[in-house]
Amino acid sequence: MPMKNRKFSNLLVTGGAGFIGSNFIRHLFEKTDFGGRVVNYDALTYAGNPHSLDDVAARFGDRYVLVHADIRDRDAIRKAMRDFSIDAICHFAAESHVDRSIVSPGDFVETNIVGTFNLLQAAREAGDAFSRFHHVSTDEVFGSLGPDGFFSETTPYSPHSPYSASKASSDHLVRAFHDTYGLDTTISNCSNNYGPYQFPEKLIPLMILNAREGKPLPVYGAGLNVRDWLHVEDHCAAIWTVMTQAESGSTYCVGGRSELTNIDVVKRICALVDRFCGPLPGGAPRESLITHVADRLGHDLRYAIDCSKLERDFGWRQTHTADSGFEETVKWYLENTAWVDSVRSGEYRRWIETQYGNR
Ligand code: NAD
Ligand code: DAU
């Protein structure tokens with residue numbers, strides 16, 4: 001039987017300045033009864049933006065600390081664990097973008113594998129004072145589905161990209177530390193997230209911003225690959241549920257029950273941007289910006305999650321549909337131009353264009 005309602009005093013959240021990590025920290029303070037302190041441990045790479053949590057720092061500053069440090073740095077991790085008497089870790093920090101992993105796989109090995117190993121070692125060294133290590137992982141570790149079937153907790157691993165192989169490796173390390181050393185661990189494997197504060201290299205925010213600006217909308221290949229879309233708030237609720245209630249050593253799959261082809265996603269976004277911004281100058285709809293480009297190397301065809309274990313054990317449910325969630329997300333990107341401008345003014349600068357051209 002799942003255990004109930006663990007309490008943590010000093011929670012280290014790695015990658016808390018990224019997309020899901022920042023939403024998770026806000027979720028903790030606003031939507032849960034978590035009464036402790038959050039230490040956001042983040043290297044602030046191109047994907048990390050501390051301003052995504054300005055509102056949290058202003059409202060909960062006595063219980064929120066940002067530590068600018070790298071999970072590849074073992075000594076820095078140990079120091080943070082000691083300085084803040086850390087008793088639990090929720091581990092988001094990663095190189096997260098598949099296209100980048102195709103171009104620079106070494107960064108993914110260093111951060112996703114070695115960085116996770118460093119955190120596990122530090123958790124182990126913390127001894128009895130340490131109570132839980134939650135590892136945030138992905139459905140991409142399971143590989144690719146054909147037209148039928150779903151990934152579940154018992155699906156064998158079959159990663160294809162350097163990104164998914166590095167996440168699979170980190171999952172195995174987490175399980176090994178549980179099985180070998182008795183470290184208290186949990187893992188969640190989630191499908192594609194969308195929502196506010198996502199870096200605009202990922203499909204949905206990239207398409208919203210390009211559509212707004214009348215730029216080409218690069219769809220890889222025919223656009224028939226399928227992803228299972230989940231609103232980031234629903235993912236955050238699932239992570240906290242697993243972290244506080246699941247048995248040590250357990251794994252949960254998290255998904256949106258919302259499968260869509262990429263071309264369908266892009267067309268929905270075009271329609272929403274047309275609705276909120278009006279058509280392009282000259283009157284053409286934004287769908288006319290869709291440009292089919294060369295396919296991603298090793299592009300997985302379909303991901304879909306069976307999340308019935310999470311639903312059955314804890315009563316977790318998605319609260320957003322693609323209809324409501326996409327509309328809310330398009331509005332957020334159109335309204336939060338200061339955030340968008342700030343993340344685009346940094347190292348990113350449409351980096352991917354220089355790697356692949358024509359995007
Ligand atoms: P993101 O790229 O938006 O954020 C990653 C964060 O990690 C950034 O703040 C970055 O600065 C930080 N980081 C990167 N390397 C670091 C290092 N060496 N040391 C310390 N901090 C470092 O990623 P995201 O989309 O928020 O994903 C978070 C986690 O969730 C990842 O582990 C990812 O594999 C997993 N995940 C993501 C999705 C998704 O759809 N985005 C789905 C399932 C699982
Ligand atoms: O499934 C979970 C994974 O979802 C996470 O583990 C990853 O961290 C996250 O990046 C995401 O991976 P994807 O590769 O599925 O997401 P991305 O937004 O890069 O692409 C979604 C789909 O859209 C994919 O089939 C590739 C396609 N695509 C993407 C981009 C950026 C395009 O057609 N055009 C694009 O410009």
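**Exercise 1. Check the length of helix α6 against its number of residues.**

Step 1. Helix α6 covers residues 162-181, which makes 20 residues. Helices here are DSSP runs of H or I with at least four residues, strands are runs of E with at least two, and both are numbered from the N terminus.
Step 2. The expected span is 1.5 Å times one less than the number of residues, so α6 should span 28 Å.
Step 3. The end C-alpha atoms of α6 are 28 Å apart, which agrees.
Step 4. Just after α6, Gly182 has a positive phi of about 75°.

The model is predicted: local features need pLDDT of at least 70, side-chain atom pairs count only at pLDDT 80 or more, and totals for chains, interfaces and linings use all residues. Residues are numbered from 1 along each chain as its sequence is written, chains are lettered from A and ligands numbered from 1 in the order in which they are written, and side-chain values use heavy atoms, with hydrogens and water left out.

**Exercise 2. Find what the buried residues of α6 pack against.**

Step 1. Buried means under 20% relative accessible area, exposed over 50%, and partly exposed in between (1.4 Å probe, protein chains only).
Step 2. Among the buried residues of α6 are Tyr163, Lys167, Asp171, Val174 and Phe177.
Step 3. A contact means heavy atoms within 4.5 Å. The buried residues of α6 pack against α4 (98-103), α5 (105-125), β5 (132-138) and β6 (185-190).

**Exercise 3. Classify two aromatic pairs between α5 and α6.**

Step 1. Rings of Phe, Tyr and Trp (its six-membered ring) pair if their centres lie within 6.5 Å; planes under 30 degrees apart are stacked, over 60 edge-to-face, and the rest tilted. The structure holds 20 such pairs.
Step 2. The ring centres of Phe108 and Tyr163 are 6.3 Å apart and the planes stand at 85°, so this pair is edge-to-face. Phe108 belongs to helix α5 and Tyr163 to helix α6, so the pair ties together parts 55 residues apart in sequence.
Step 3. Phe108 is buried at a relative accessible area of 1%, and Tyr163 is buried at 9%.
Step 4. Phe117 and Phe177 also pair edge-to-face, with 6.2 Å between centres and 75° between planes. Phe117 in α5 and Phe177 in α6 are 60 residues apart.
Step 5. Phe117 is partly exposed at 25%, whereas Phe177 is buried at 5%.

**Exercise 4. Locate the largest nonpolar core.**

Step 1. A nonpolar core is a set of buried Ala, Val, Leu, Ile, Met, Phe, Trp, Tyr and Cys residues joined through side-chain atoms within 4.5 Å.
Step 2. The largest core has 33 residues; Ile204, Ile208, Leu217 and Phe326 have the most contacts inside it.
Step 3. Helix α9 gives the largest share, seven residues.
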